[in-house]
Amino acid sequence: MSGKPGQGGARGSYALITALALAAAGGGLRNGFVYDDIAAIVQNPLVHSLAGSARIWTSSYWPAGLLYRPLTIQLFAVEWWLGGGAAWPFHLTNVVLYAIVAGLVYRLARRLTSGEGALAAGSLFAAHPVHVEVVANSVGQSELLASSAILLGVDRYLAWRERGGLGVGRRAALALLCAGAIAAKETGYVFPILLAAAEVFVVADPTPRRDRRRAVVPVFALLLAVTVIGLLVRVVVFTELKGETVSLPLRGLGAGERAIAMLAVVPQWARLLLWPAHLQAEYGPPGVPISASPGVAHLLGAGWIAAAAALLAWAWSRAPVVGLGVAWAAIALLPVSNLLTATGVLLAERNLFLPSVGAALAAGGLVTIVARRGAGTSRPVGVLALRGALLALGIAGVLRSAGRTAVWRDQAGFFERLERDAPRAYRAHLVAGKYFLSAGRLPAAESAFSSARALYRDDPAVYEELGQIYRSRKRCDRAVPIFTEGLGRHPDAILLRSRLIECLLAVGDTGRARTLAREAVDRGQSEFAAALRRLER
């Protein structure tokens with residue numbers, strides 16, 4: 001572990017990083033409840049009363065899935081009570097937590113690198129635009145809580161390994177932080193693996209290998225126990241480990257096929273971590289070509305993985321902080337990579353929050369190397385150029401973050417912008433259409449659903465929603481062809497078949513409606529048995 005700057009310099013750096021974080025995220029204080037906030041907070045009765053706190057710890061975070069984040073929901077309930085249902089306590093908490101996390105990134109980097117490298121790591125993290133989705137949207141609080149516990153735990157682990165050892169009390173503190181991270185979000189399960197990476201890459205322990213194992217094994221045994229208990233609690237609450245509905249493009253794919261399919265996401269991860277000039281709240285096909293058949297995007301993804309592996313191999317003995325940063329990013333991506341199990345998300349900017357800590361640490365390590373080499377020359381032009389580049393990146397990041405934060409201000413503006421930001425992601429149009437429909441904006445909903453159907457026809461919802469627009473206007477003559485096409489591609493889609501039968505009856509085609517109902521019963525869809533009996537009378 002490297003030396004640190006003086007306390008005066010550290011205080012100034014903390015102040016600068018805090019200022020950057022507040023400048024980047026402070027505009028979120030004016031935001032309302034948007035997108036996932038509606039289901040997780042506004043429509044969630046668990047959040048609306050502190051009297052239901054006991055139920056929070058035995059309930060799902062997300063109404064549509066089995067996600068276990070009781071600590072996050074408990075904090076939501078407190079914030080709802082404080083603001084009387086207003087959004088400002090949620091956003092204030094997010095902004096404060098973001099400044100704390102940015103400070104923890106600097107603190108960790110300062111423990112590992114030079115003052116200049118630590119300042120670079122903390123500043124780049126504080127200004128990083130990919131963090132906007134976490135901070136500007138209330139539900140991002142789960143990421144902030146989990147990341148703050150993880151960062152504090154890694155920092156304390158390194159400090160205690162350097163001096164004083166890992167006694168019972170310190171082991172208990174690390175276990176508590178691990179439990180808190182897990183209770184905030186599933187990301188917390190990587191906490192022990194990140195500690196192991198820190199031990200391997202940056203802990204300089206001159207004692208014999210046996211003594212080193214003796215020092216750390218009790219810690220990791222306890223953390224393993226906490227992790228297992230966390231999984232068991234989840235099983236007790238939900239009776240199963242798996243929680244989310246699997247993302248449609250991943251359904252039916254085996255582990256190897258998912259690994260190939262997710263290669264197409266890797267270039268987006270790299271872009272968002274290294275150059276997030278463009279941001280969007282939805283990613284997926286056809287813009288991100290998720291398929292088990294390799295294409296150009298998959299080859300690019302494989303190239304990025306090879307480059308990261310080469311950087312890790314180079315840094316292993318030459319630049320341990322860079323190595324830790326690369327390993328950190330890879331470990332933090334593991335829960336959202338769909339490799340261990342298929343999840344409901346292909347790619348989301350919020351899921352890059354913890355991995356971006358690794359990118360910041362790697363950047364800080366590289367800056368330290370350049371600064372040290374420049375300091376040994378008589379013409380430190382390279383160091384000045386580096387400082388100028390970092391300053392420019394920091395300013396650009398803050399401006400981009402502040403501008404992007406305003407996109408999350410209200411529902412109408414968010415969904416209108418969503419379609420423009422993600423024109424090649426069919427789900428962007430699909431979810432925007434659902435919002436427009438709920439707001440009574442039928443022409444906008446029709447346009448959005450039409451765009452979703454044109455982009456991607458492997459989701460029955462694009463047919464269900466577009467056809468329903470016409471059906472609700474009593475235009476079944478226009479709805480029937482859409483429902484028919486959808487059912488032809490998705491013969492097991494119960495809602496599609498039901499709506500098509502109703503529209504066929506509306507246009508007087510009783511014979512075809514009867515045939516479809518009989519087909520459904522023959523396919524084992526007992527929901528249509530009563531309808532078939534009525535139609536056969």
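In this predicted model, the loop between α15 (320-333) and α16 (353-375) contains Asn 338. The backbone of Asn 338 has a positive phi of about 65 degrees, although the residue is not a glycine. Asn 338 counts as buried, since its relative accessibility is 0% and the limit for burial is under 20%.

A second residue of this kind is found in the loop between α1 (7-25) and α2 (36-42), namely Tyr 35. Its phi is near 55 degrees, again a positive value in a residue other than glycine. With a relative accessible area of 16%, Tyr 35 is also buried.

Another loop, the one between α13 and α14, holds Pro 286. Here the backbone feature lies in the peptide bond: the link from Pro 285 to Pro 286 is cis, with omega near -5 degrees.

The axes of α13 and α14 are 7 Å apart and meet at an angle of about 55 degrees, so α13 is oblique to α14. On the α13 side, the contact is made by Val 266, Pro 267, Ala 270 and Leu 274; α14 contributes Ala 297, Leu 300, Gly 301, Trp 304 and Ile 305.

Helix α12 (residues 255-262) joins this arrangement. Its buried residues are Arg 258, Ala 261 and Met 262. Viewed down the axis of α12, they fall within an arc of 90 degrees, and therefore they line one face of the helix. The buried residues of α12 pack against both α13 (266-274) and α14 (296-318).

A further helix pair is formed by α4 (residues 70-83) and α8 (residues 141-162), whose axes come within 10 Å and cross at roughly 120 degrees. The crossing of α4 past α8 is right-handed. Thr 72, Leu 75, Phe 76 and Glu 79 of α4 make the contact with Gln 141, Ser 142 and Leu 145 of α8.

Notes. Residues numbered from 1 in each chain as written. Predicted model: local features only at pLDDT ≥ 70, side-chain atom pairs only at ≥ 80, totals over all residues. Heavy atoms only, no water. Buried < 20%, exposed > 50% of the residue type's maximum accessible area, 1.4 Å probe, protein only. Helix = DSSP H or I, 4+ residues; strand = E, 2+ residues; numbered from the N terminus. Arc of directions from axis to C-beta. Contact = heavy atoms within 4.5 Å. Axes fitted to C-alpha atoms, helices over the stretch in contact; angles between N-to-C directions. Left-handed = near helix turned anticlockwise from the far one by under 90°. Parallel < 35°, antiparallel > 145°, perpendicular 65-115°, else oblique.
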